[in-house]
Amino acid sequence: MQNKVAIIILSVALFLVSAYQLSFTGATYKVNSDAKKYAKGDLVKQRNYIDSISALPKEKWSFLGYTFKECERKQLNLGLDLKGGMNVILEVSIEDVLKSLSNYSTDKTFHDALARARQMQKQSQADFLTLFGRAFQEIDPNARLAAIFGTPALRDKINFNSTNEQVMNVLSDEVNVAIDNAFNILRTRIDRFGVVQPNITKLSTKGRILIELPGQENPKRVRELLQGTANLEFWETYQNSEILPYLSEANKMLKEIRTSTAAKDTTASAASKSVAAADTTKKEEALLDLIKKDTTKASKAETESRAEFNRQNPLFGVLNPRVDGQGQPLPSCMIGLAAVNDTATVDNLLKMPQIKAIFPRDLKLYWSQNPYKYDPTKTFYELHAIKVTTRDGRAPLSGDVITSARPTSGVTGSEVKVDFSMNADGAKTWARMTRDNIGRCIAVVLDGYVRSYPNVVNEITGGNTEITGDFTIDEATDLANILKSGKMPAPAKIVSDTVVGPTLGKEAISSGFASFIIAFVLVLAFMIFYYSKSAGTIADIALFTNVFLLFGVLASLNAVLTLPGIAGIVLTMGMAVDANVLIYERIREELRAGKGIKLAIADGYRRAYSAIIDSNVTTILTGIVLYLFGQGPIKGFATTLVIGILTSMFTSIFITRLIYEYLLKRNANLTFSIKITANLFKHTHIDFIGMRKYFYIGSAVILLAGIISLFVRGLNPGIDFTGGRTYVVKFDKPVRTEDIASSLNVAFGELPQVVTFGSTDQVKITTKYKINEAAAEDEVQTKLYDGLKSFLPQGETKDQFTSQNIRQSETVGPVVAADIKINAYYAVAIALVLIFFYIFMRFRYWQYGFGAVMSLVHDTLLVIGVYSLLWGIMPFSMEIDQAFIAAVLTVIGFSVNDTVIVFDRLREYIPIYRKRPLKEVLNMAMNATLSRTINTTLTVMLTIFAMFFFGGAVIRGFMFALMIGIGTGVYSSVFIAAMLMYDTIKKDTKEIEAKVPAKSSADVVK
C-alpha cells in the first residue's frame, strides 16, 4: 500500500478534528439538558435560561476557551423538524407603502384616514389597505383618491377621472408587489444569514409573513436582521461648533418655560415632565462620571449639585453637550450624549414648536445605533447633526447605488468594517460629496440610525469605500448581507416571536433515533454474520468511523441536520456498506481462484476501485448539482450526501486497508465468509436478458397504472405545497403533540402538523383540511373542537373553545414556493444530464448512459405513481412534502450507484470474453454482481424496515417512500438499465468491443 504514512497522518488528523468539533455539541447538550430540567416544559423559560448562560463571560462559563455562545455556533445543529426554533410573524408596513405611492402627500384627509386605519386595526382582523379605504370614505365621502395617488409613478394606471374603487384596485396590486418584494428580500437575507432550511410563508392577512428559523440561539440578532429595511443613506453634517449655540439657546428657553407660572399648556407640561423624569440618582451619577471622566461613585454633595444643575438646565440635564475641559465644542458632527432612557425625553424637548423654531430648518437629528464607544457602562448614545442639502429633503446618496458589499478586517483583525462598491451615478455623487466636505464628517445612516461618521480627508473617486463603526464580525457580515439583498420596500415589524418545539414531535424523534440505532446494530450484525467475525468486524469499524467523521464534518461546516439530511445519511450508510461488500466479494473471488490471503486482499482492493469510484462519482455529481441549484430540503439532503460519500470512500478504501495491513504483518487469521455463506450465489446462471420482455411488461403495467392514477386521483400534496390553516390552542395542562395529532387525524381524516408553541400546554395546529374553500372556516373549527374535546374541561362548548382556547388563527401559504419547485426540477434534470455524460465518457458508449438515465426516470415515476395509487388506502400519511422530495432524491442516488456496479462488471468481462455473444456476457456480469446487489440492498433495507416499524407514525410515510424507492432502484438496475442498454446497442459485438477499452492485464487475469 503506497503513501501509508500520509494516509495514517490524514486519518489521525480527521479523527482529532471531528472529535474536537463534536466536543462542542457535547458541551452545549449538557447546558440544554440543564435548561430543560429547570424549565420543566416551558420553552420560553428554557430559552431564557440558555440566554442567561450565553451572556456569561469566559470567566464564568467556558469550554476549551470558548463562551457558551461561541460553542453554540460550533455545535452540530438540528433543523426545525428535529429541534424546533423561532416562530416569527412579520408585518410589512402597508402604511409606509401607501405614503411612498402618494409621493409623501401632505393631504389632510389622507393622513387622517391613515391615523383612523391604525386605530381600526387594533379591533379588526382586516388588512390595513381595506381599513384605509373604509376610513377615507368615512372621513370625506366626496374626497378623491386619484388626486392623492395620481403621482408620476402611477400616472399610467391612475388618472384624474379614476374612481376611488379603481384606485383601490391599483393600490392593492402595488401593495401586493411590495409584499412580494419584501418576501423575496427576507428570504435572501435569511439564506445569507446562514439559517439552513428556514420556512417562509405568506399569511392570509395582507402584509403578514410567517418565518420559522430552526435552532436559532440569538433572537436579538434575528429581530434586527428581519426588521431592518436596509435603507442606507449618506448625509452631509453640521459641525458641533455650529449647533452648540442653538442648544444653549434651547436650554435657556426650556428653563424659562419651566419656571413660568403662567405657562399651563400641554407643551409646558411635557417639558416639566421631561425635566422631572431626569431626576434619578443613578442617572445623575452616570452623567457626572461621564463629564468628569471619573469612574468613582459620586458623593452625596455631588449628587445634590447635579440635581440642582438639572433643574437649572432642562436640556443639558438629559443631553450632555460635547465640549472640552474649557467648555469649547469638540470637532465632530456629534453634538451630545444621552442615557438610553433619556433619548425619548430629548426628542420630545427638541420637537416642541418653540424649541424647533430655534434651530436651522435644514437640520435633522439622528441617534447612533451603537452606544458611545468610550462609555464603560454602554448606556449612552450619541446625537448627530445632519444637514439637509436637497430640495426634497432626501439624502443626496442612498444604498440603491451599491453594487457589492463584503465584511473585511485589518491585518490583526482588530478593525472590522464593510467594504462596498457603487455604480457610476453613485460614484459621481460620492466624489462630489467628499470633495465638498473635506475636513468635515459624512454620516452613514442605516434605517434612521448613524452607523459611522468618518471625517473626509480627501476626495474619493471610483465609488469604492468602506463603512466603519466598531462592528463585530457578525454585525459586519449582517450589514453586508443586508446591503447585497437590497432595500426593503417598506419597514417590517415583528408582530410576534415565539419559541416552538420540533415539527416531528419529541416522541417521534426519540422513537426515530431509537429505530436508527436498532437498524445500525442490525447492519453491523449482518456484516459479521455474512463475512465472518474478522472481516465483518473490520467493516463495522469502518462504518463506525464513517458515521463519526460524517457528523464531525457536518459540525465543522455548521450544517443543520434535518429529516431529509437523515435520508442522506441512510443512503451514505448503504454506500459505505456497498463499498465494503464490493471489496469483500472481489477478495472472495481471488481466494476462490487459489491466491494467498495477502495477494487476494491486494488484488481485491485494486479490482474494486473502478466500481467504487465510478458509482460514487456519479452520486457525488448528483449531490453537487442538487446543492448548487436546490433549496430547502434538497440542499440539506445534498450536503449530507456529498460529505457522507467522501467519508465513506475514505473509510472503506483506506481505513480498512490500513487495518488489514496491520493484521497481515502479525499473521492474523483472516476469513471473509462462514460455512453457510461461502458459496452463496456462487453458481447462479439466471437468464436475465431472456426474461427482459416480462420485466418490460411488468414495469409498463405499473407505470401505466401510476400515470392513470396521477390523472384521475392525483397526489396528496402536504401543507408544504398547499398551505393551510393554523390555530394556536391553549390547554389547562401540558399535552403531548403526538396525542393531539392522533386525535385530530380521526376528526380531519388526515394527519395535521402539531408543534409545541411557547410552553407544553400550548400547541400550534396546522391543517390543510378544505384549505381551498374559504367558507369552510366554521366547519374546520367544528372538526378541531370535536378532535380536541377529550383534552378540554368537561362540558366546554364550541363557543367557549373558540373564544377561550384558540389564541390565534391564520391561513398560511405554502412553504415550498414556486421558484423552489422550479429549481428542484432544474437540479434533477441537470444531474441526469451530467450522469449521462459521465457514464458515456467512462464507458465510451452512449447506450450505457441512456440505460442509466432511463432507469432513474423509471424509478422516479414508479415511486410517484405508487404514492398516487395508495394514498388514502395505506394506514399512514402519504403526503407529498419536503421529506418525500428527499426520499425521491435518495432513490436516484441509490439507483445510479447500483446501475454503475453492473456496468462496471460488464466493462471488465467484455475484453475477457470477446468471442461470446453480448447477451451471454451481460448475463454473466449480472450474475457475478448478484451477491453484492442482494447484500447491499439487504443492509439498506434493514435500516429502512427498522425505522418504518419502530420510528413512529410521523416518519412512516417517509420510510415507505424509501422502501419502495430502494426496491425499485435495485430492480431497475438489473432489469431495466442493462436491458435497455442491450436493446439499443447494435448486435455486432465487435463494435462494443472496439469502443469499450480493456482493463490492464493485471485486472483481467483470473
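## Exercises on a predicted model

Glu-777 and Arg-725 form a salt bridge in which the closest N and O atoms are 3.0 Å apart. The pair ties together parts that are 52 residues apart in sequence, because Glu-777 lies in helix α25 (residues 777-788) and Arg-725 in strand β18 (residues 724-730). The structure is a predicted model, and the exercises below start from this pair.

**Exercise 1.** Determine whether Glu-777 is buried, partly exposed or exposed, and do likewise for Arg-725.

*Solution.* Begin with the cut-offs, by which buried means under 20% relative accessible area and exposed means over 50%, with partly exposed in between. Glu-777 has 25% relative accessibility and therefore counts as partly exposed. Arg-725, with a relative accessible area of 4%, is buried.

**Exercise 2.** Classify the two partners of the salt bridge between Asp-739 and Arg-736.

*Solution.* First locate the contact, where the closest N and O atoms are 3.0 Å apart. Next take Asp-739, which at 32% relative accessibility counts as partly exposed. Finally, Arg-736 has a relative accessible area of 40% and is partly exposed.

**Exercise 3.** Describe the salt bridge between Lys-595 and Glu-590, and find the network to which these residues belong.

*Solution.* The closest N and O atoms of Lys-595 and Glu-590 are 2.6 Å apart. Lys-595 is partly exposed, at 23% relative accessibility, whereas Glu-590 is buried, with a relative accessible area of 4%. Widening the view, both residues belong to a network of salt bridges that also links Arg-586, Glu-589, Asp-603, Arg-606, Arg-607, Arg-905 and Glu-908. Over the whole structure, a search finds 30 salt bridges.

**Exercise 4.** Explain why strand β2 (residues 85-92) is described as largely enclosed by the rest of the structure, and identify the strand to which β2 is joined.

*Solution.* Eight of the eight residues of β2 are buried, and the strand is therefore largely enclosed by the rest of the structure. Turning to its pairing, β2 runs antiparallel to strand β4 (residues 208-214), and seven bridges join the two. Within this pairing, Asn-87 has Glu-212 in β4 as its bridge partner.

**Exercise 5.** Work out which residues form the nonpolar patch on the surface and which helix supplies the largest share of the patch.

*Solution.* The patch is formed by Ile-518, Leu-522, Phe-945, Phe-949 and Phe-950, which together have about 470 Å² of accessible area. At least two residues of the patch come from each of α18 (506-556) and α31 (930-950), and the largest share, three residues, is supplied by α31. Phe-945, which lies in helix α31, counts as partly exposed at 36% relative accessibility.

Methods
Residues numbered from 1 in each chain as written. Predicted model: local features only at pLDDT ≥ 70, side-chain atom pairs only at ≥ 80, totals over all residues. Heavy atoms only, no water. Patch = residues over 30% accessible without salt bridge, like charges linked within 9 Å, V, L, I, M, F, W, Y side chains within 5 Å. Areas by Shrake-Rupley, 256 points an atom, 1.4 Å probe, with all protein chains shown as cover. Salt bridge = Lys/Arg side-chain N within 4 Å of Asp/Glu carboxyl O. Helix = DSSP H or I, 4+ residues; strand = E, 2+ residues; numbered from the N terminus. Buried < 20%, exposed > 50% of the residue type's maximum accessible area, 1.4 Å probe, protein only. Pairing = 2+ DSSP bridges.
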